[in-house]
Amino acid sequence: MNVRSAQPQELDEVFLMGYDAWGAGLPVQMFLDSCLASYKYKQGTFYVLDDDNGTLLSSCIVYPLTAFGGVVSERAVGIGSIATMASQRHRGYASIFLAMLMESLECEGVDAFFLHSDISPKIYQNLGFSPAPERFRSKSDGSVPMLRLSGGREVTRERWQEIIMPTYF
Ligand SMILES: CC(C)(COP(=O)(O)OP(=O)(O)OC[C@H]1O[C@@H](n2cnc3c(N)ncnc32)[C@H](O)[C@@H]1OP(=O)(O)O)[C@@H](O)C(=O)NCCC(=O)NCCS
């Protein structure tokens, strides 16, 4: 399996991985058009996990965190829109994908990973993410901000005090 950035011609397939979660009842083409036009998506880079034949399995977007007004560290990134092809879920692909992606980004010097979990955070805790204290959580959307530091460093209580939380992405 390979982790790599998505090719422009793969973006429709990437967007459709999350259609059931974020489609908001839009017709498919309207949803794809809105993804392609999204200002938010233009701020980041989509990555994919493919099998060795080039078939796409999972995807996500990686943002420089400064794009969202929050500072975890100068070399932190935000991970969003994590999705696996509906027919391929519950086989461990998202977990493998994120582990491989974060390892490779750490080698490039990224020192912290941030995400907002819309689902039960267990899958992310298993990957080394820590949930933010209650005071950082939005009451309106119910998502849980989570942080993972490079090199297996612990997110201490003092570290949470220092953080300016990036807005939802
Ligand atoms: C969440 C998602 C990316 C997981 O992909 P995956 O390849 O199936 O993930 P893995 O096989 O590595 O891990 C599966 C685990 O994720 C967790 N999980 C998956 N979907 C979940 C959901 N809707 N709510 C809570 N936990 C969920 C479960 O713990 C699951 O374990 P199980 O297979 O034993 O039930 C996939 O379900 C998906 O694309 N969902 C739609 C988009 C979405 O909601 N993304 C998350 C945004 S934070």
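Ala76 has Ala112, a residue of strand S5, as its bridge partner, where strands are DSSP runs of E with at least two residues, helices are DSSP runs of H or I with at least four, and both are numbered from the N terminus. The model is predicted, and for this reason local features need pLDDT of at least 70 and side-chain atom pairs count only at pLDDT 80 or more, while totals for chains, interfaces and linings use all residues. Residues are numbered from 1 along each chain as its sequence is written.

**Strand pairing**
- S4 and S5 run parallel and are joined by three bridges, and two strands are said to pair if DSSP finds at least two bridges between them.
- From S4 the chain passes through H5 to S5 in a right-handed β-α-β crossover, a term for a path from the first strand over the helix to the second that runs clockwise with the strands pointing away from the viewer.
- S5 is also joined to strand S7 (residues 144-149), in an antiparallel arrangement with six bridges, and His116 stands opposite Pro145 in S7.

**Burial**
- Five of the six residues of strand S5 (residues 112-117) are buried, meaning that 20 or more other C-beta atoms, placed from the backbone, lie within 10 Å of a residue's own.
- Tyr63, in strand S3 (residues 56-64), counts as buried because it has 21 C-beta neighbours inside 10 Å.

Notes:
A residue is buried if 20 or more other C-beta atoms lie within 10 Å of its own, exposed if 12 or fewer, and partly exposed in between; C-beta atoms are placed from the backbone.
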